[in-house]
Amino acid sequence: ASIARSTTSRNNNNNNNNNEHKSTSPLLSNLKKACTNLFAPFTDSTGSPTTILPGLFLIICIGTVLGVSLPKESSLPTPWYRTFSSIIGYVYFTAWSISFYPQIFMNYRRKRTVGLSVDFSAMNVLGFACYAVYNASLFWSPYIQNLYRQNHAAGESIPVRSNDVAFALHAFVLSSITLGQIWYYDGFGTSQTKMSFSVKLFFGVAFLVLVFSTLVAIVSSKLSWLGFLYILSYVKVVITLLKYIPQVVLNVRRKSTVGWNIWNIILDFTGGMLSLAQLLGDSADMYDWSGITGNFAKFCLGFVSIFFDIIFFFQHYVLYPDKRGEGNESTHQAGLEPQIPWEEEADYDYDALL
C-alpha cells in the first residue's frame with residue numbers, strides 16, 4: 001500500500017509538472033518566435049513576409065535612438081527637421097551597415113559561399129574603398145572643405161554627414177571580410193570563385209585611372225585634390241552600376257538565389273530610399289538644391305541600388321522562390337538547399353557569366 005501511494009504521488013507530481021510545462025510552453029514559444037523575428041536580418045535568409053516587418057522595426061528603433069541622441073546637423077535651419085533628418089540618416093546608416101552581416105553570418109553557417117558572386121564581392125571592396133576616402137576627406141580635411149567652398153556658392157554646407165563617413169568605413173571593412181570568406185571557404189580560382197576576365201579588365205583600367213589621377217594631382221595644378229576625390233566618387237558610381245550584374249547573371253544561371261541572402265537586398269533597398277529622402281529633404285529645408293549636384297555620388301548611388309534591388313526581389317520572390325526546406329526552418333534559413341546540386345554547379349563556366 002505504501003508503494004502504491006508513493007507511485008500515485010509521483011504520477012500526480014509528474015502530471016502537475018507536465019500541465020505546468022504545457023501552460024508555459026506557448027508563452028515561451030511565442031516569446032522565442034518574437035525574438036527570432038526581431039533579429040530576422042541575422043537569423044533568416046528566406047526573407048519571409050512574416051519576418052520583414054519585425055526585422056525592420058528593430059533597425060528603425062536603433063536608428064531613432066542614434067538620431068535623437070547624437071549631434072544634429074547645425075546647418076539645417078528648421079529645428080524640428082534637424083532631429084528628423086538625423087533620425088532618417090541613422091536609420092539608413094543602420095540599415096545599410098547591417099545589410100552586410102546577413103551574408104557574412106550565412107557564409108559562416110554554410111561553411112561555403114556558393115551562390116555569392118566573387119565579382120560582386122571584389123568590386124564591393126574597391127568601391128567602398130573609394131567611397132570611404134571620398135567621404136572621410138570631405139568630412140575631416142579643412143583643406144578639401146576649403147576647395148569645396150571655393151567651387152560652390154558662399155555659405156553652402158559640406159554635403160557629407162558623419163553617418164556617411166561611418167557607413168563607408170564600416171562597409172569597406174565588412175565587404176573585405178566577405179571577400180575573405182570566399183577565399184577561406186572555397187578559395188580563389190575554382191570554377192565557382194574565379195574572377196571573370198571582364199572584372200579583371202575593369203580593375204586594371206580603374207587602377208590605371210587612379211594612379212594617373214594621383215600623379216596629375218601631385219605634379220600639376222590641372223587637377224585639384226577635390227577633383228581627384230570626385231574621380232573616386234565616379235569610380236564608386238560606376239562600380240555600383242556594374243557590380244550587381246554578375247550576381248544577377250549568376251542567379252539566372254543557377255535558377256536560384258540560395259547562397260545570396262535576400263536580407264542584403266531588403267536592407268539595401270530600405271537604406272537607398274531613406275538616403276534619397278534625406279538628401280532631398282535637406283536640400284528643401286535649406287532651399288539649396290546644389291547639395292544634390294555637389295554630392296552626385298550619393299544621389300546616383302541611391303537610384304542605382306534601388307533599381308537592382310527591385311531586380312533581386314523579382315528573382316527571389318517571383319522567378320526562383322526557394323521551395324526546398326519548407327517545414328525545416330533551420331535548414332531553410334541557413335540556405336543549405338540550393339535548387340541545383342553541387343555536382344551540377346561544378347560544371348558551370350563561371351568565367352563566362354559576363
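**Close-up views of a predicted model**

View 1. Helices are DSSP runs (H or I, at least four residues), numbered from the N terminus. Residues are numbered from 1 along each chain, and side-chain values use heavy atoms, without hydrogens and water.

**View 2. Residues in the contact of α6 with α9.** α6 passes α9 in a left-handed crossing (the near helix is turned anticlockwise from the far one by less than a right angle). α6 brings Asp119, Ala122, Met123, Leu126 and Cys130. α9 brings Val199, Phe202, Phe203, Ala206 and Leu210. Contact means heavy atoms within 4.5 Å. By class, nine residues are nonpolar, none polar and one charged (Ala, Val, Leu, Ile, Met, Phe, Trp, Tyr, Cys and Pro count as nonpolar, Asp, Glu, Lys and Arg as charged, the others, Gly among them, as polar).

**View 3. The second largest pocket.** About 180 Å³ of space lies here. Of its 14 lining residues, Pro71, Lys72, Glu73, Arg161 and Ser162 are the closest to the centre. α4 (79-98) and α8 (162-185) each supply at least two lining residues. α4 gives the most, with five. The lining has four nonpolar, six polar and four charged residues. On a 1 Å grid over the protein atoms alone, a pocket is an open set of points where a 1.4 Å probe fits, with protein on both sides within 12 Å along at least five of seven lines; lining residues have an atom within 4 Å of a point. Grid points are joined across faces, edges and corners, and the volume is the space filled by probe spheres set on the points.

Note on methods:
Predicted model: local features only at pLDDT ≥ 70, side-chain atom pairs only at ≥ 80, totals over all residues.
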